[in-house]
Amino acid sequence: MYQVTKAIKKVSPICKNGLKSTSLYINTNSKMQIRNYANANPSNIASTTFANTPMGVFADQLFLQPINPATIRPITDLKVDTKISLKKKFDRAYLKKDEWKNVPLEEKKNMIVKFRDLLIANTDKMSKDLTEETGKPISQAKNEVLAVIDRIEFFLNNVDKVLAEQIVRTTDKFQEKLVKEPLGIIANISAWNYPIFIGLNVIIPALLAGNCVLYKPSEFSSLTGLNIMEFLHEAGVPTEVFQIVLGKSVISQSLLNLPIDGVFFTGSHATGQKIAQTLAGRMVKTQLELGGKDAVYVHSSADLKTAIASIADGAMYNSGQSCCSVERIYVDKSIYNSFIDDFVEVIKRFKFSFDPMNPKTYFGPLTRGMAQVEHLQRLIGSALKRGAILELGGNIIDNAPGYFFAPTVISNVHHGMDIQREELFGPVVTIQPVSGPAEAALLMNDTPFGLTGSVYSQDPHVANYIAEKSNTGTVYWNSCDRVSPYLPWSGRGYSGIGATLGIEGIECFTKPKALHLFAPTLGYFGEAKNSDIVPTKPADLVEILKNKQEEKIAYEDRLESPLAPVYNFDTMDLGYPLENDALFAPDIPNDSEEFVRSKLQSGAIRKVTNKKDYVPVNSVKDEDTDN
């Protein structure tokens with residue numbers, strides 16, 4: 001086992017020589033030596049100039065050889081799809097889709113039940129393959145296999161009500177009815193970090209709803225994708241209905257060019273944006289589950305011991321390779337220093353080894369290899385040059401057999417740093433002090449991403465305040481980095497479009513059809529009745545017009561009153577105040593609505609909208625206050 005030792009804290013300047021030396025911020029007595037930034041490539045990773053040539057890039061797309069990121073050794077060779085093989089797969093699905101659509105739902109459910117049982121029976125094989133190709137510690141791989149059972153059960157228990165025919169209104173003359181039909185043939189381009197969770201979030205409800213699926217797993221989790229295909233076919237799902245597509249980005253582009261009926265993608269914002277642009281104008285159902293820049297606020301009233309344990313796991317589980325991993329922590333100034341000390345100590349107790357197959361291992365390697373390593377190095381190095389403090393870790397680990405990155409904690413950051421704006425996707429987390437809930441909410445929302453936000457507090461008013469202001473698809477109180485099958489998983493802004501899981505995660509694989517049925521004879525549809533959505537009392541147009549006239553007179557009377565306030569809608573800031581702002585009397589000058597408003601007016605900070613290109617705000621830190 002390797003123990004992470006805390007770096008020297010609050011050294012000023014952090015590093016006079018930039019990144020040429022680690023001596024000022026790395027404890028030299030550490031049992032885990034951190035590689036110097038100047039030596040970016042481990043000695044056992046081969047690098048050739050051919051890989052950077054056009055022919056080298058082309059050749060890279062033609063071969064698929066999964067690499068174990070813990071050892072940097074090839075696992076096997078896989079045959080990739082071509083445009084010709086992909087077209088054949090689509091044609092097979094097209095010829096089968098009507099037949100699969102008409103298979104009774106109970107038969108489809110029985111197939112998924114058999115698939116569920118096969119997953120349980122083959123947990124060890126699934127976990128081993130997942131660990132070998134992604135580096136995910138074996139205990140976490142088993143957790144993923146077993147935890148997906150709850151999601152399958154949710155889909156099985158709720159698909160009937162979603163797909164059920166709804167009779168909206170029946171009279172003696174006509175009937176209005178709503179039915180749900182499958183989209184048709186969908187493309188599922190999936191991710192590598194949780195390939196079982198993310199893949200089956202789409203595959204199971206899509207199949208139950210009557211769709212055919214062309215499943216493109218990530219090139220980093222192709223073996224897991226092949227296992228999913230094998231067990232679905234063994235469970236009785238026709239081979240034409242569920243087909244796997246193997247390859248890299250070139251084959252994904254070819255998949256998008258087919259006349260598919262829906263695209264469900266999970267991955268980075270950059271790739272999701274390209275997919276949206278590719279499909280623009282084709283009127284294809286598109287759902288994008290993208291990245292996050294997930295933030296946590298720790299209020300001074302929080303149970304620190306419980307909060308730190310939860311946040312540390314939320315930041316470091318799966319080596320931080322999750323769209324909802326905690327990347328930014330905002331802590332009240334009164335508890336800032338003690339929080340950092342205790343937080344680092346908790347992370348140092350997590351078990352670290354170079355063997356992901358060891359059940360006690362907590363940290364695994366970075367799945368995507370040097371691309372991820374260099375991304376993290378760039379963001380960390382830039383932050384340190386701008387004055388950030390390295391509390392723990394900071395780089396890849398010397399003499400490691402694979403792409404192992406030290407768990408890293410960075411403090412003294414601000415929003416002028418790239419590390420506070422770009423998605424990290426690694427075992428790296430930042431900590432920034434705030435004056436209170438008002439500043440915390442402002443900074444948490446200072447990102448174009450909008451996946452999750454968390455608040456740790458014993459005060460429900462603080463929790464409600466952060467939840468109300470958080471511009472994210474999910475908000476946690478005294479928890480983080482969790483997903484429930486019973487609630488929709490959705491993002492805002494750069495975090496995507498649409499939702500998986502929850503009832504919404506079944507409905508999205510269907511399209512509605514409204515039926516207006518007029519019978520040839522009276523009473524053909526039986527007893528007249530209305531569903532709950534039909535008003536019990538028909539609209540009275542005369543009464544509505546009378547009420548509107550009374551409202552107009554009352555409004556004009558208020559305008560003529562000398563006490564009526566005069567509003568200038570041209571200059572009014574419609575974003576503030578929010579409903580719960582009055583709950584927080586400012587303890588110090590810059591924890592107030594007036595402070596926030598003054599900063600907005602001066603241009604020091606800026607509210608983020610999706611209408612403009614994202615530009616980072618400056619730090620709202622008051623230079624005269626003690627950090």
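Student: Why is A276 called partly exposed?

Tutor: This is a predicted model, so every value here is computed from it. A276 has a relative accessible area of 32%. Buried means under 20% and exposed means over 50%, with partly exposed in between, so A276 counts as partly exposed.

Student: Where does A276 sit?

Tutor: A276 is in helix α9. The C-alpha atoms of A276 and V263 are separated by 9.6 Å, and these two residues are 13 apart along the chain.

Student: And what does helix α9 pack on?

Tutor: Let's start with the sheet. There are 6 strands in an open sheet, in the order β7-β6-β5-β8-β9-β20, and the pairing is mixed. β7 (242-244) and β20 (496-497) each have a single partner strand, so one side of each has no neighbour in the sheet. Helix α9, residues 269-279, packs on this sheet and touches β5, β8 and β9. The direction of α9 makes about 165 degrees with that of β8.

Student: How do you know that β9 and β20 pair?

Tutor: Count the bridges. Pairing needs at least two bridges between the strands, and 2 bridges join β9 to β20, so the pair qualifies. The two strands run antiparallel, and L288 stands opposite I497 in β20.

Student: Which strands does β16 pair with, β10 and β17 among them?

Tutor: β10, residues 295-298, pairs with β16 in the parallel sense over 4 bridges, and the bridge partner of A295 in β16 is G453. Strand β17, residues 474-477, is joined to β16 by 4 bridges too, and these strands run parallel. There, T452 stands opposite T474. β16, helix α14 (residues 460-469) and β17 also make a right-handed β-α-β unit.

Student: Why are helices α4 and α7 called roughly antiparallel?

Tutor: Look at the angle. α4 (residues 123-134) and α7 (residues 222-234) pack at about 155 degrees, with their axes 8 Å apart. Angles over 145 count as roughly antiparallel, and therefore α4 and α7 get that description.

Student: Which residues make the contact between α4 and α7?

Tutor: From α4, they are K125, M126, D129, L130 and E133. From α7, they are S222, L223, T224, N227, I228, E230 and F231. These contact residues divide into 5 nonpolar, 3 polar and 4 charged.

Student: What makes the phi of N412 worth a look?

Tutor: Most residues other than glycine have a negative phi. N412 is not a glycine, yet has a positive phi of about 60 degrees. N412 lies in the loop between β13 and β14.

Student: Is N412 buried, exposed or partly exposed, and how do you know?

Tutor: N412 has 31% relative accessibility. That lies between the cut-offs of 20% and 50%, so N412 counts as partly exposed.

Student: What about N478: what is its phi, and where is it found?

Tutor: N478 has a positive phi of about 55 degrees although it is not a glycine. N478 is found in the loop between β17 and β18. At 35% relative accessibility, N478 counts as partly exposed.

Terms used
Residues numbered from 1 in each chain as written. Predicted model: local features only at pLDDT ≥ 70, side-chain atom pairs only at ≥ 80, totals over all residues. Heavy atoms only, no water. Contact = heavy atoms within 4.5 Å. Axes fitted to C-alpha atoms, helices over the stretch in contact; angles between N-to-C directions. Right-handed = clockwise from strand over helix to strand, strands pointing away. Parallel < 35°, antiparallel > 145°, perpendicular 65-115°, else oblique. Nonpolar A, V, L, I, M, F, W, Y, C, P; charged D, E, K, R; others polar. Buried < 20%, exposed > 50% of the residue type's maximum accessible area, 1.4 Å probe, protein only.
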